[in-house]
Amino acid sequence: MSEIYFDTRDTKFVLFDQIPIDDLLATEKYADIDREDLEAMVEEAEKVAKDLLFPICTEGDREGCTFNAEDNSVTTPKGYKEAFERFRQDDWMGISYNPEYGGTGLPYLLALACSEYFVGANPAFDLCTMLTTECAHLIEAFGDENLKDTYLEKMYTGEWTGTMCITEPQAGTDVGAAKTKATPQEDGTYLIEGTKIFITFGEHDFTKQIVHAVLARVEGDPEGTKGLSLFVVPKYLPNEDGSLGEFNDLKCTGIEHKMGIHASPTCTLSFGDNGKCKGWLIGDRSKGMRQMFQMMNAARLGVGLQGAAAANAAYGVALNYAKERLQSPSFKNMKDPSAPKSEIIEHPDVRRMLLLQKAYAEGLRAMMLTAGYYEDMAEAAKTEEEREKYKGLVEIMIPICKAYASDIGFKVCELGVQVLGGYGYCAEYPAEQLLRDEKIASIYEGTNGIQAMDLVGRKITAKMGANLMSVMAMMNDLLNEHREHEELKDAFQLFAVARDALNECSMHFATKGQSGDFLTVLFNATPYLELFGDVLLGYLLMQQAVIAHDKLNELLKEKGVDPSKKRKMRKLLKDDREARYLDGKIKTAKFFCHKVLPLAQGKAAAIKEDDLSAMEVVFDPIE
Ligand SMILES: Cc1cc2nc3c(=O)[nH]c(=O)nc-3n(C[C@H](O)[C@H](O)[C@H](O)COP(=O)(O)OP(=O)(O)OC[C@H]3O[C@@H](n4cnc5c(N)ncnc54)[C@H](O)[C@@H]3O)c2cc1C
């Protein structure tokens, strides 16, 4: 029967060997936390993912959510409500949030590491946590003391859940086209009226109270995004003592039937049908979009994490299947039909797919956790200069983490289905569900096309290109230090060529931008983001390979094994799991540099080609 696997060894490698975690733990903010605490949390999270969340995932997908028209309620699949109660009681909701308001106050990086397992085990379930903390975080950042006192603790502990209500039928990517109205009242509150669609966990049976963060426009405020304000709109009006009072005139009028994440209700919400839906302004009027943008990093990293989580889960499923499934003799005996059948993992094409999955999956994990580390360092920084440096790195990485990780996550899931062959296409194994569940990550929280526009339009040009230069400088430092590496020299050479290809494209965009040719830049934004993602992933894998190489050498010394003695080396790799892990890291990075990164030059050439046929072609309807 189907199972799910999590590579805690690799998470620990990224957390403790790749990321300079001691710098973070040395900050005042995290003075009380040590490596052992983080390690224990990662191991505990794996158990929660395996024992609590995965067992309900497959059935949850089959059963889906039910909308009950009589009372506008939504029932989640069997076991979800109970799992949520257990999850929140065990304090997994607000891992990295403010302890003053019920959070646990651990590094964000750790929350990402744990969430990777939760999302991998059950992506639909995890969305409720993500949206709840996202909504609460907005209230924490911009709400007044009254709102904070009323909502935060209950939300960070999961007693109440939350949503983000942005989308309307005519306002998807074009958020500024929102028509939801907010009318000021004498008591300082607003009456909210309008319809929001596609609202994740907009209605459900996990908790009685659901708190919505709603974008709406006060009559007379400017058109477009500039006139939108943000409101807290609870399903039940809270009493002063924190208990739930009157129903707040908002209801769910239906749920979507979707490709995946069936256990996550995607709701249409109608606010103020009877003119009695009350909302409270969060922060400043007409600053709703700006406030949301300021808080978007966590949400976008959260969606990127879905890609990394799906990739890692899909790789685990494919790898374990490929080690068991017998088909055809090995390529060494391919002409002999009577030769014993080999596990499919022995076939070159399957090995190619698996190593591609591994490279992407582990690279994405490193990318997400590294971005989380920068975010933590920006928060915990002692000096303004340090804060700016880390903030800059986060800024540029956000659109890449969101879009590259979600697109590549999908690709890795697709490879997973392919490795399993016909069984991959069938519901008996989790491969097909992982693929379906993952697709949404490239669509919500700003489609990937919009992320690419953000990267080329804002992020690489910000501060006169300083943030871009910081990322490139990190890559250059690694390259300069290890260009002549005894084992990785060739791989570093290929990495250097890919890095140059990315540099050339950035320069090309700068020239086009200066000459006012924004169309060319926008047109090539998505391929540029993909190229950037490839090179960044290559950088992270090479960083891992250098570390793994040193650690493997230490281990060899300890065991008295001479690496030039092939037979002894083979024996060590056969007997020692850690040696295999480290050797696998080195080979994964080499594979990526030799087999994937050379494509960067072709991608760069296409980006620099001045062809705008797609803008000129007449698309006739197909009749
Ligand atoms: C399962 C699910 C859950 C969701 N959860 C939430 C939620 O909790 N809260 C919420 O508010 N919303 C939610 N959404 C909505 C989601 O954020 C939107 O679907 C998304 O923003 C895209 O909007 P759209 O679907 O209207 O597509 P459109 O905006 O119509 O876009 C269609 C295509 O056109 C492209 N496009 C559009 N405009 C431009 C442009 N200016 N330049 C270049 N390309 C462009 C897009 O990239 C996309 O490829 C959810 C959606 C789904 C399916």
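Here are some questions and answers about how labels in this predicted model were reached.

Me: Before we start, what are the ground rules on numbering and confidence?
Reply: Residues count from 1 along each chain as its sequence is written, and side-chain values use heavy atoms, with hydrogens and water left out. As the model is predicted, local features need pLDDT of at least 70, side-chain atom pairs count only at pLDDT 80 or more, and totals for chains, interfaces and linings use all residues.

Me: Why is T266 called buried?
Reply: Buried means under 20% relative accessible area, exposed over 50%, and partly exposed in between (1.4 Å probe, protein chains only). T266 comes in at 9%, so buried is the label.

Me: And what makes E558 exposed?
Reply: Its relative accessible area is 68%, and the exposed label needs over 50%.

Me: How do you know that K551 and D17 form a salt bridge?
Reply: The rule asks for a side-chain nitrogen of Lys or Arg within 4 Å of a carboxyl oxygen of Asp or Glu. For K551 and D17 the N to O distance is 3.3 Å, so the pair passes. K551 sits in helix α19 and D17 in helix α1, so the bridge ties together parts 534 residues apart in sequence. Helices here are DSSP runs (H or I, at least four residues).

How values were computed: Helices (H or I, at least four residues) and strands (E, at least two) are DSSP runs, numbered from the N terminus.
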